[in-house]
Amino acid sequence: MRSLYYYLSALVVATFLVVSCKTQNAQKATTDITGKTWKLTELNGKPIELKNPKNNPYFKLEMDGMRYQGHAGCNGLGGTFEIQPDIMRIKFNQGMSTKMACEDLDIENQFTKAILAADNYSVNGNTLTLNKARMAPLAKFVLQ
């Protein structure tokens, strides 16, 4: 009987440790991408080529209000997002954008489409990748 209590106690402690580790990993995954500025480096598997490198697209996710904001190259953009860090799912909701004419309008349009199409992400060091299902990466970013 004493060994039964020992095994039950060990099971409860092990369950507690697994749950707390999972919670810490979920929080870590969220903090890995939020509150930081991510600069675009690739679209659809190809490095971006900008006419004006100063206009490199970027975005930032803020947990306060679940909002994203950024710069698509020439025009500002922003909106809301939803995130499930435990399974690395993300959804950007259609937001607002300014509508100025730009040199790199093609890259700007591809950037905006990639963000809105993404449904999951991965983080590898200082690199963030936005993906759709199991397809090739839509966009890659580096921590700025």
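**Briefing: confidence, disulfide and salt bridge**

The mean pLDDT of the protein chain is 84, and 78% of its residues reach 70 or more. The model is predicted. It holds one disulfide and one salt bridge.

**Confidence**

- Over residues 16–30, pLDDT stays under 50.
- For that stretch, residues 16–30, the model has six contacts beyond four places in sequence.
- Where pLDDT is low, the predicted coordinates should not be read in detail.

**Disulfide**

- C74 and C102 are joined by a disulfide, with an S to S distance of 2.2 Å.
- This pair links distant parts of the chain, its two cysteines being 28 residues apart.
- C74 lies in the loop between β4 (67–71) and β5 (76–84), while C102 lies in the loop between β7 (96–97) and α2 (105–117).
- The disulfide is left-handed because the torsion about the S-S bond of C74 and C102 is about -85°.
- Both C74 and C102 are buried, which by definition puts each under 20% relative accessible area.
- A disulfide is a covalent bond between the sulfur atoms of two cysteines.

**Salt bridge**

- K60 and E62 form a salt bridge through their side chains, at 3.4 Å from N to O.
- E62 has a relative accessibility of 27%, so it counts as partly exposed.
- K60 has a relative accessible area of 24% and is likewise partly exposed.
- The partly exposed class covers values between the buried limit of 20% and the exposed limit of 50%.

Conventions:
Residues numbered from 1 in each chain as written. Predicted model: local features only at pLDDT ≥ 70, side-chain atom pairs only at ≥ 80, totals over all residues. Heavy atoms only, no water. Disulfide = S-S within 2.5 Å. Helix = DSSP H or I, 4+ residues; strand = E, 2+ residues; numbered from the N terminus. Buried < 20%, exposed > 50% of the residue type's maximum accessible area, 1.4 Å probe, protein only. Salt bridge = Lys/Arg side-chain N within 4 Å of Asp/Glu carboxyl O. pLDDT = per-residue confidence, 0-100. Contact = heavy atoms within 4.5 Å.
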